[in-house]
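The following note sets out points for a colleague who has the coordinates open.

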Amino acid sequence: MAKAKYYLTTPIYYPSDNLHIGHTYTTVAADTIKKFKTLQGYDVFFTTGSDEHGQKIQTKAKENGLEPKEYVDGIVANIKKLWKMLEIDYDCFIRSTDEHHEKAIQKIFTKLYEKGEIYKSVYKGYYCTPCESFWTEAQLLDGDKCPDCGRPTHLEEEEAYFFKLSEYTDRLLKLYEDHPDFIQPQARKNEMINNFLKEGLEDLCVSRTTFDWGIKVPFDPKHVVYVWVDALSCYLTALGYGTDDEQNFNDYWPADVHLVGKEIVRFHSIIWPALLMALDIPLPKKVFGHGWILFDDDKMSKSKGNVIYPEPIIELYGIDAFRYFLLREFTFGQDGSFTREKFLHRLNSDLANDLGNLLSRTVSMVEKYNDGIIPAPKTEEEVDNSLRELAVSVADKVEAEMDKFNFSIVLEEIWKLVRRTNKYVDETMPWILAKEENKDRLDSVLYNLSESLRIISVLIKPFMGETSGKIRNQLGIKAEANWEDTKVWNSKDSNIAGNKVEKGEIIFPRLDIEKELIQLEEANQKLIQSRTKDKEVDKVEENKEVEVKEVEVIEKETEVTIDDFAKIELKVAKVVNCENHPKADKLLVLTLQIGEETRTVVSGIKQFYSPEDLIGKNVVAITNLKPVKLRGIESKGMILAAEDDQGKLSLLTTLEEVKNGAVIS
Ligand code: MSP
């Protein structure tokens with residue numbers, strides 16, 4: 001029987017800058033849905049990509065001394081590297097500069113024009129360059145601000161083509177009425193109706209003449225197609241729509257879901273369906289508007305210096321910990337606040353303590369009490385039934401919640417089983433059974449533990465593929481994970497009795513949170529600095545051909561030039577005060593006198609020095625490091641130390657006494 005088809009998309013991202021944890025969120029969610037649906041037996045097509053046209057990109061490229069295509073090529077290479085790093089299993093990465101896409105857009109635009117859906121007129125409106133959006137005066141905030149991003153807009157007047165969006169108000173309202181789940185979560189639908197549709201829509205300007213980095217209108221080439229028409233249509237062209245090969249389009253369209261951030265629900269639930277109606281193309285089934293990941297309750301932005309990049313997190317803790325955290329910590333439809341503390345706590349509690357511990361205890365006991373062979377069950381007690389009933393019931397809950405994209409609830413349901421199974425160990429006390437030589441009962445307990453872990457390994461697979469594989473390896477399971485086998489205890493297809501377990505590495509080691517906090521913060525700062533540094537080098541070397549491949553910088557430390565070294569400001573600093581950090585066991589808070597200036601530096605050296613050892617001493621400090629907050633105290637700089645092979649730190653100083661503030665070179 002042919003498999004049922006499922007088509008899902010992420011937004012296509014602006015390659016105006018490297019992607020951060022917020023963008024990663026949508027892509028990880030989409031990838032998890034793809035893996036889940038595939039495991040359930042669907043034939044899934046997953047599209048992501050990059051939205052490369054528009055004034056913003058053109059300006060950004062110019063700032064970097066590059067042609068727009070050259071500039072976006074560098075960022076797109078990084079995006080693809082990031083998706084590879086995260087094992088994102090997309091089927092098409094569509095770039096809006098792909099030739100087949102550009103041709104299809106020209107066909108779409110011409111078709112709309114020929115059908116009388118688009119007409120030429122003069123546009124007067126308030127334009128927000130960062131959002132690539134026009135607004136009417138009534139929509140502006142505080143007189144001139146963009147209602148989406150709050151930045152100033154400017155009045156523009158130009159010849160333009162318009163799409164007759166105003167004629168679609170009633171049809172859109174009817175669409176929402178006939179398909180109450182078209183926009184999810186429900187609150188976003190109400191927003192669309194109350195903020196946009198109630199007052200009636202205005203026609204939409206769909207071409208620009210003030211810049212040329214875009215797809216030319218074929219019958220009037222001084223115009224380029226407005227970026228949103230270009231971008232939204234990527235969902236079709238990724239399937240070959242408008243090319244000689246429309247097989248995928250015929251197979252997979254209409255989309256089952258477009259996953260988007262809350263600020264672009266408007267484009268996806270108003271402009272997009274209206275355009276599709278005008279083109280006589282079936283409408284997507286659902287638009288899901290998820291919340292934003294904030295940093296400490298604040299919007300992430302480069303200018304605020306609070307952008308969190310995923311690469312250092314993945315490099316330090318692996319893909320699965322990162323994916324688990326994103327989907328477990330935040331409720332998908334709502335905003336959530338990222339902090340490194342939350343991430344590390346989750347790792348310790350859910351992954352190291354709960355899951356990691358369960359696996360290592362189970363495998364160790366099978367090794368110790370049954371020569372590494374998972375025994376067949378022999379007895380049955382009430383406590384076994386309660387474990388079994390819970391285990392085989394989780395899959396149904398997962399299915400129901402996955403349908404609503406409630407990832408955090410799904411993971412919570414799975415973890416109820418993980419914790420229940422850990423409790424089962426405490427309830428049955430296999431070590432006592434071994435002591436009492438109650439072999440039948442011991443066999444049954446070991447089997448039940450392993451069987452529960454087998455089910456867990458399938459349940460977590462869409463979220464944490466690598467961990468699922470590790471658990472299965474340690475349980476000696478060779479078969480592919482099969483979704484239906486999660487609903488059956490003692491499943492025939494995945495019978496594990498008789499398997500030889502293979503004790504592997506600890507899957508999630510417990511972390512020293514304070515140490516990791518420093519490491520994580522430093523790794524992120526290092527990446528930000530290397531990315532900024534790369535851009536500066538690019539500017540200086542405008543005439544040379546420099547390929548911008550920022551991610552490589554974190555993969556391999558490159559040689560530095562004397563000029564690179566000169567960028568780091570090192571000075572002799574006198575410790576005038578030093579105290580224990582009130583909220584951290586491993587940190588000291590130092591007050592440094594550096595010439596005329598006094599500043600605070602937080603340092604992870606408490607294991608090696610007490611405050612009295614340091615007061616009055618001279619140390620070496622980096623003084624132009626971007627400030628970071630460590631457990632609530634801002635650290636302005638870093639003091640240098642040497643680390644021996646036991647990990648002991650020894651602070652650097654000068655051979656002779658030198659006046660503080662002296663420059664080190
Ligand atoms: N290019 C358009 C989308 C066109 S789709 C036809 C665009 N690009 S974007 O790069 O600015 O944003 C892409 C997605 O990333 C949006 O869904 C946006 O909500 C999401 N995010 C950007 N920052 C985010 C967070 N901090 N948190 C969660 N998602 C965020 O818009």
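1. Four elements each supply at least two residues of the shell around the ligand: strand S1 (5–13), helix H1 (21–40), helix H7 (227–232) and strand S11 (257–261). Helices (H or I, at least four residues) and strands (E, at least two) are DSSP runs, numbered from the N terminus. The model is predicted: local features need pLDDT of at least 70 and side-chain atom pairs count only at pLDDT 80 or more, while totals for chains, interfaces and linings use all residues. Residues are numbered from 1 along each chain as its sequence is written, and side-chain values use heavy atoms, with hydrogens and water left out.

2. The ligand is surrounded by 21 residues, a residue being near if one of its heavy atoms lies within 4 Å. Ile12, Asp51, Gly261, Glu263 and Ile293 are the closest. The shell comprises twelve nonpolar, seven polar and two charged residues; Ala, Val, Leu, Ile, Met, Phe, Trp, Tyr, Cys and Pro count as nonpolar, Asp, Glu, Lys and Arg as charged, and the others, Gly among them, as polar.

3. An oxygen atom of the ligand is 2.7 Å from a backbone N or O atom of Gly261, and a nitrogen atom of the ligand is 3.3 Å from a backbone N or O atom of Gly22. In the side chain of Glu263, an N or O atom lies 2.8 Å from an oxygen atom of the ligand. Of the 660 Å² of accessible area that the ligand has on its own, the protein covers 92% (Shrake-Rupley method, 1.4 Å probe).

4. The ligand takes up the space of the second largest pocket. A pocket is an open set of points on a 1 Å grid over the protein atoms alone, where a 1.4 Å probe fits, with protein on both sides within 12 Å along at least five of seven lines; lining residues have an atom within 4 Å of a point. A molecule sits in a pocket if more than half of its atoms lie within 2 Å of the grid points. The volume of this pocket is about 1500 Å³. Its lining has 47 residues, of which Tyr14, His23, Lys56, Arg151 and Lys299 are the closest to the centre. By class, the lining has 21 nonpolar, 15 polar and eleven charged residues.

5. One joins Gln184 and Pro185, with omega about -15°; Pro185 lies in the loop between strand S7 (183–184) and helix H6 (186–197). The other runs from Trp253 to Pro254, with omega near 5°.

How values were computed:
Polar contact = N/O pair within 3.5 Å; in protein donor to acceptor, adjacent residues only side chain to side chain. Points joined across faces, edges and corners; volume = space filled by probe spheres on them.
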